[in-house]
Amino acid sequence: MKFSINRKKLYKALSQIQGITNNKTNLAITSDVLISSKNSKITVFANNLETVFEGTYDAEIESDGIISINSKKLYEILKEYPDFNILLNEIEDRWIEIGEGNIQYHIVTSNYKNFPEKPLIEDISFVEINSEDFKRMVEVSSTISFLIDEKRIYVLGVCLEKINNENKIRMVSTDSKKLTCFDLEYKDDFIIPDKGIIIPKKGISELNKFIEKDKKIKIGIKNNYFIVKKNNEIIMIKLLEGGYPDYKKIINTDTMIPIEINKAMFLMVMKRMSILCSEQYKNAIFNFKENGIVVTITNPEIGESKEEILVDYLDKNIKTSFNTRYFIDILNIINSENIILYIKNKKSPCVIKGIDDNKLISVIMPISI
Amino acid sequence: MQDATCGIKFFYENCNFPQPFFPQTLIYYECIKDKPQQGRSKVILHVDMDAFFTSIEQRDNPELKGKPIIVGGLSKRGVVSAASYEARKFGIYSAMPIFQALKKYPGLIVVPVNKNKYAGTSQKIMKILKQYTPLVEPVSIDEAFLDITGCERLLGSHKNIAIDIKKRIKKELFLTCSIGVAPVKFLAKIASDMNKPNCITIIEKHEAKKFVLTVDIKKVPGVGEKAIKQMKILNIKTLGDINKFSLKILYKKFGKLGEKLFKFAQCIDNSKIKPKGKRKSISSETTLANDTVEMEVVKKNFLYHAQILGEKLRNKNFFTTNISIKLKFNDFSQITRQKKLKLSICSSSAIYKESLNLIKNLKINKKIRLIGISVSGLSHKKKPVQIDMFEQTKEKIDKWEKIDKTIDCISKKFGSNIIKKATLK
C-alpha cells in the first residue's frame with residue numbers, strides 16, 4: 001500500500017476517533033485504526049466494539065492495501081508533521097514508512113485481519129436533522145456524566161425517544177441526581193421504537209466531536225445501532241439494552257410554584273456559594289420566603305456564607321437544600337437571560353426552565369437535611 | 001490493711017545507688033519550684049491495676065480471697081482473661097487456654113467474666129484519675145497514663161500525688177494498683193511494672209538517663225517475641241546495649257521499632273498523653289462455639305450483632321456512616337472489610353444488609369472462628385443525603401428505623417426477649 005494525502009484532512013479524521021481508539025477494551029487492536037486504500041480513496045476505520053467510525057477521503061494512491069496502525073501514534077505524527085501532504089508507504093510486511101525526504105518514520109503495524117469487523121448494516125433510512133440543534137442536544141446530554149463503577153443502564157446511557165403526537169424527538173440524560181431533557185423538532189418520518197432507545201454516554205461524547213454545526217447531519221436507527229452520517233463520514237453507536245425509568249413525573253411542573261429569576265445573577269450566587277463547598281459539605285440551604293430566597297452554606301471546616309436574592313415569591317415558606325455545583329452545571333447550558341425555578345416542598349426536586357429556551361428542561365434533586 | 005505508702009520504692013534502691021531517697025526527692029522538688037517551665041521535662045504517671053478482674057471478683061466475694069482464681073469463659077474453648085496473684089504462682093497467666101490452666105492446678109476456681117462490672121469499675125477509676133489532671137490517657141480497661149507536669153504547686157510533689165491516687169483507689173474501690181512515675185511515658189510504664197503488685201516506683205528525672213541503660217530489653221513496650229529473637233542474635237540485653245548500634249542498622253533490623261528504641265536508649269520519648277476523645281466506634285463480636293463454613297451461621301451471627309449494634313446506636317441516639325466486618329479463621333488469621341456509607345443509619349436491618357454486602361464479595365475457604373461487626377463515624381446528626389430520582393433507598397431505611405425504634409420501646413417495657421427476629425429464636 002502506498003498513498004499520499006493532505007495532512008490536515010487525515011489529521012482531522014484521526015482527531016475525531018481518538019476518543020474511540022483510546023477507550024481500552026479487552027481487544028488490544030481496538031487502539032489501532034484501519035486504513036485501506038482503493039480507487040483513489042482511502043477509508044479510515046475505527047471500532048472499539050461499542051462505537052464504530054468510518055470515513056472516506058480522497059488521496060493519491062499508488063498501490064492498494066490495508067494496514068492496522070496505532071491510532072494515537074499516527075495522530076501525533078500527523079500533528080507535528082510540517083509538510084502539506086504526507087506519504088504512507090508499506091515497505092515490507094507489517095512495516096510502514098511515514099514521510100519522505102528529511103523526515104521519516106518506520107512504524108510497525110498489526111495484522112489487519114485481527115481487526116474487529118464492521119457491523120453489517122444496510123438500507124438505513126436516514127432522516128436529515130438540523131445539525132446546530134442536534135449538536136446542542138448532544139452537548140446538553142453529555143454534561144451529565146457517570147462514575148467509573150457505575151452499573152445502572154439509565155445512568156450509563158441517554159434515552160432518545162419520540163414525543164407522541166408531536167413531531168419532536170427528546171433526549172433525556174440523568175445521573176439520578178440531576179436530569180436534562182432536550183426536545184428537537186424534525187420534519188421527516190423518523191422511526192424510533194416506542195419505548196425509546198438508550199445510547200451510551202461514551203458514544204454521545206464522541207458524537208459531540210463528530211457533529212459540525214454547519215454541515216448536514218443525517219441520523220438513523222438500525223440493527224441495534226444509532227447511526228449518524230456527515231458527508232463522507234459515518235459513526236455507529238451500539239445501543240444499550242434495558243429499561244429507562246419514568247422521568248415524566250419529575251419534569252411535570254403543573255402543581256409546582258414558579259419563581260422567575262435572572263440567570264446570570266443566580267449563577268453568580270451559586271458560584272460564590274460553592275466557594276465554601278467541600279467534598280464533605282456540599283449542600284447549601286435554600287430558604288424560600290416572601291419576596292426572597294435566602295441561601296446559606298455552613299462548612300464547619302471553613303466557615304459560612306449567606307446571600308439573599310430578591311424574587312417575586314408569595315407562597316408558603318419552604319426550606320430545602322441543594323448541591324450548588326449542580327445548579328452551576330445546569331445554568332451553564334441554558335440559553336436564556338431569565339429562568340424559572342419550579343419548587344413544591346422540601347423533598348421535591350427543583351425543575352429549571354429557560355424563559356426563551358423551550359427546548360430544555362432540567363431537574364435537580366434536593367438533599368435531605 | 002497495708003498502708004499505701006509502704007509500697008513506695010525508688011529505683012535507686014533497687015539499683016543500689018548510694019543515696020537515700022528522701023533528700024533526693026527534696027532537691028528535685030526544689031528544682032521544680034525554682035524553674036517550673038524548665039526544658040521539656042515532664043512528670044508522667046502510669047497507673048496499672050493489680051490483677052484487675054480477679055481483684056474485683058475477690059473483693060466482691062470474700063470467699064475467693066487469697067485463693068487461686070481465674071476469670072474466663074466457661075466453655076471448653078475459653079481462655080484465661082485474668083489470673084489472681086495466687087494463681088500466677090502456679091504458672092497460670094492470661095491468654096492461656098483454660099483447660100491448660102486447670103492441668104497446672106486442678107483446684108483452680110474459674111469465675112465467669114462480668115464485663116459490665118469491670119467496665120463500671122474502670123470508669124470509676126478513670127473518674128478519680130481525672131480529678132488530678134485532665135491529661136488522662138486510658139490505655140486499656142485497667143491502666144492509664146497521667147501527665148501531671150505542672151501540677152506540683154497545686155497538688156504537692158509527684159510522690160504525694162502517686163500516694164494520694166493509690167490511697168483513694170484503695171479507699172473508694174477496695175482495689176490496689178501499681179504506679180510508675182517517670183519523666184517519659186515508656187519509663188513510667190516500665191516503672192509501674194517493676195515492683196508489682198501494690199507499689200509505687202519513682203524514677204527521678206536526673207537518674208532517668210542512667211536508669212534507661214539498665215532496663216531489660218524484654219520489658220520495653222513494643223518489643224515482641226520476634227524482636228527478642230533478633231536481640232538475642234545481636235546480644236542486646238538491655239536498652240543500654242542499643243547504643244552500640246547505629247540508627248541505620250537498628251532501622252534496617254527492626255524498622256520503626258528500631259528508631260523508637262534508639263530514642264528510648266537516650267531517654268527520649270516524644271509521645272504525648274492523649275486524653276480519650278469522644279466515642280469513635282462500637283463493635284460486637286463473638287467466638288463461635290464451633291468453627292464453621294456455613295454461610296447461614298455467618299448470616300445469623302451478623303443479624304445478631306446488627307441487632308445489638310443497632311440497639312446501642314439508637315439508645316445513645318447515634319448514627320453511623322461506616323461499617324466494618326471482622327472474621328477470624330481457625331488458623332487465627334483475620335480479615336476486616338469496611339465500607340463508607342452514603343447515608344447515616346441506625347437501624348439494625350440496614351447494618352445487617354451492609355454487613356452482608358461486605359461479605360458477599362469475599363472468598364472464604366477457611367473455617368470461621370470469630371465473627372464481628374463494628375460501626376464507626378458516629379454522630380448525633382444525620383448527614384445530609386442527596387435524594388435519588390428513581391430509587392427510594394432513604395425512605396426504606398427510614399421506615400426500618402421507625403420499626404426498630406418501636407421494637408426498642410416494646411423491649412424496654414416488656415423485656416428484651418418479648419420481640420425478636422424469628423431467625424434468632
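In chain B, Glu143(B) and Lys189(B) form a salt bridge in which the closest N and O atoms are 2.8 Å apart. The two residues belong to distant parts of the chain: Glu143(B) is in strand E7 (residues 143-147) of chain B, Lys189(B) is in helix H9 (residues 185-194) of chain B, and 46 residues separate them. Glu143(B) counts as buried, at 13% relative accessibility, because the limit for that class is under 20% relative accessible area. Lys189(B), at 28% relative accessibility, counts as partly exposed. The model is a predicted one.

A second salt bridge of chain B joins the side chains of Arg314(B) and Asp404(B), with a distance of 3.5 Å from N to O. Arg314(B) lies in helix H15 (residues 295-315) of chain B and Asp404(B) in helix H17 (residues 393-414) of chain B, so this pair ties together parts that are 90 residues apart in sequence. Both Arg314(B) and Asp404(B) are buried.

Chain A also has salt bridges. Those that share partners connect Lys12(A), Glu212(A), Lys215(A), Lys230(A) and Glu233(A) in one network. Elsewhere in chain A, the side chains of Lys282(A) and Glu279(A) meet in a salt bridge, at 3.2 Å from N to O. Lys282(A) is partly exposed, having a relative accessible area of 33%, whereas Glu279(A) is exposed, with a value of 66%. Over all chains, the count comes to 34 salt bridges.

Between chain A and chain B, the count is two salt bridges. In one of them, Asp388(B) is paired with Arg152(A), and the closest N and O atoms are 3.5 Å apart. Seven residue pairs are in polar contact across the interface of chain A and chain B, both residues of each pair being at pLDDT 80 or more. On the side of chain A that touches chain B, the elements that give two or more residues are strand E13 (178-185) and strand E26 (367-368) of chain A. By class, this side of chain A has eleven nonpolar, five polar and five charged residues.

The contact between the two chains involves 21 residues of chain A and nine residues of chain B. Together, chain A and chain B bury about 1300 Å² between them, and 63% of this area is on carbon and sulfur atoms. Of the area that chain A buries against chain B, 34% is supplied by Ser176(A), Met365(A) and Ser368(A), more than by any other three residues.

Strand E26(A) is joined by two bridges to strand E14 (residues 385-386) of chain B, and the two strands run antiparallel. Within this pairing, Gln386(B) in E14(B) is the bridge partner of Ile367(A).

Strand E13 of chain A, one of the elements named above for the side that touches chain B, contains Thr180(A). Thr180(A) is buried, with a relative accessible area of 0%. When its neighbours within four places in sequence are left aside, Thr180(A) is in contact with residues that include Val140(A), Ser141(A) and Ile144(A), as well as Met171(A), Val172(A) and Ser173(A). Further contacts of Thr180(A) are with Ile330(A), Ile333(A), Leu360(A), Ile361(A) and Ser362(A).

Conventions: Residues are numbered from 1 along each chain as its sequence is written. Chains are lettered from A and ligands numbered from 1 in the order in which they are written. This is a predicted model: local features need pLDDT of at least 70, side-chain atom pairs count only at pLDDT 80 or more; totals for chains, interfaces and linings use all residues. Side-chain values use heavy atoms; hydrogens and water are left out. Contact means heavy atoms within 4.5 Å. Buried area is the accessible area (1.4 Å probe) that two parts lose on being put together, summed over both. A salt bridge is a side-chain nitrogen of Lys or Arg within 4 Å of a carboxyl oxygen of Asp or Glu. A polar contact is a pair of N or O atoms within 3.5 Å; within protein, one must be able to donate a hydrogen and the other to accept it, and residues adjacent in sequence count only if both atoms are side-chain atoms. Helices (H or I, at least four residues) and strands (E, at least two) are DSSP runs, numbered from the N terminus. Ala, Val, Leu, Ile, Met, Phe, Trp, Tyr, Cys and Pro count as nonpolar, Asp, Glu, Lys and Arg as charged, and the others, Gly among them, as polar. Two strands pair if DSSP finds at least two bridges between them. Buried means under 20% relative accessible area, exposed over 50%, partly exposed in between (1.4 Å probe, protein chains only).
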